Structures are given as structure tokens and as C-alpha cells.
Amino acid sequence: MDASKYQKYFNRDDFWSKLKKGAKKAGSKVIYSCLLLYYAVESPRTPLKAKVQIYGTLGYLILPLDLIPDLLPVVGYVDDLSALGLALAVVAKNIDDDVKLKAKSKLRDFFGDEAVKSKDIIDIDGKLVADQKKEEAPEQK
């Protein structure tokens, strides 16, 4: 599998530009999910198959045309959050403590210390742990 075929739809500059412009409007839940995927794709421990999934999701996120336009308040980010949630569930086992630490550090830059302690962020971390345990269970049989 060749990731470059998918990687061309993802551009780091466009990613950071979109995140900075829409951070407050999108909210900490969307931004934290994006950051987890971003730092997972940057990690050398993330396998190629997972990177392809992440590139597709982050590429969709920065596309100028969305299923639901981001210009619509709140509702505009529902499709983005859905795509991010699906990708996080698929690549959960590749999101280690180092990835979470980097994502939380950057989230703190955007929203401050309180965002990292918010219920939304705790919920995402809890879902990741649950998804990781689901993936481990079949391997242990």
C-alpha cells in the first residue's frame, strides 16, 4: 500500500490554517480529535494502513467543500466530528500517550488549561481506551 496516493489530499499548511481559523467555532472536541489524528499520522509507530485512514479523514476536514458547510453554526461541524470519531475508532490502538500529550499541549495553546480538563476531552480519551480494549480482546483469544 502506497500512502503517497492519499497523502496528496492532506496538506500540513492547510490543516494548521483551518484549525487556527476555526478553533473557537469548532470547539475543543473537534480540535482535540483533529490533533490526535495529526500527531498519530506524524508518529513513526503508526502503521501505513492507519496513516492512509488518517490522511483521508484530515484531507476531508480541510476540503473547501463539505457535506455540511462549516459556515453553519454548530451544525457545520457535525460531519467533521463524525468523520473524526470514525477515524479515531479505527486507529485507536495507534494513539499512544505520546500522541495524547502532544495533542493536549497544542489544545492548551488554542483554548487554555481548562479545555484539557473538560468533559469532552475526558470523554474522547475514555472512548479511545474502550476502543483500544476492543481491539486487544480478539487478539488475546
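Ser33 is found in helix α3 of a predicted model, in which local features need pLDDT of at least 70, side-chain atom pairs count only at pLDDT 80 or more, and totals for chains, interfaces and linings use all residues. Residues are numbered from 1 along each chain as its sequence is written, and side-chain values use heavy atoms, with hydrogens and water left out. Helices (H or I, at least four residues) and strands (E, at least two) are DSSP runs numbered from the N terminus.

Ser33 counts as buried because its relative accessibility is 2%; buried means under 20% relative accessible area, exposed over 50%, and partly exposed in between, with a 1.4 Å probe and protein chains only. Not counting residues up to four places away in sequence, Ser33 touches Leu81, Leu84, Leu88 and Ile124, where contact means heavy atoms within 4.5 Å. Asp131 lies in helix α8 and also counts as buried, at 6% relative accessibility. Leaving aside neighbours within four places in sequence, Asp131 is in contact with Ala89 and Ala92.

| Residue | Helix | Relative accessibility |
|---|---|---|
| Ser33 | α3 | 2% |
| Asp131 | α8 | 6% |

Both Ser33 and Asp131 belong to the lining of the second largest pocket, together with Lys29, Leu81, Gly85, Leu88, Ala89, Asp123, Ile124, Lys127 and Leu128. On a 1 Å grid over the protein atoms alone, a pocket is an open set of points with protein on both sides within 12 Å along at least five of seven lines, whereas a cavity is a set where a 1.4 Å probe fits but cannot get out; lining residues have an atom within 4 Å of a point. The volume of this pocket is about 160 Å³, taken as the space filled by probe spheres set on the points, which are joined across faces, edges and corners.

Helices α3 (28–42), α5 (78–91) and α8 (119–140) each supply at least two lining residues, and α8 gives the largest share, five residues. By class, the lining has five nonpolar, two polar and four charged residues; Ala, Val, Leu, Ile, Met, Phe, Trp, Tyr, Cys and Pro count as nonpolar, Asp, Glu, Lys and Arg as charged, and the others, Gly among them, as polar.

The buried residues of α5 are Asp79, Asp80, Leu84, Ala87, Leu88 and Val91. The protein as a whole has eight helices and zero strands, and 43% of its 141 residues count as buried. Among contacts with a separation of 6 or more, 73% are between residues 24 or more positions apart.
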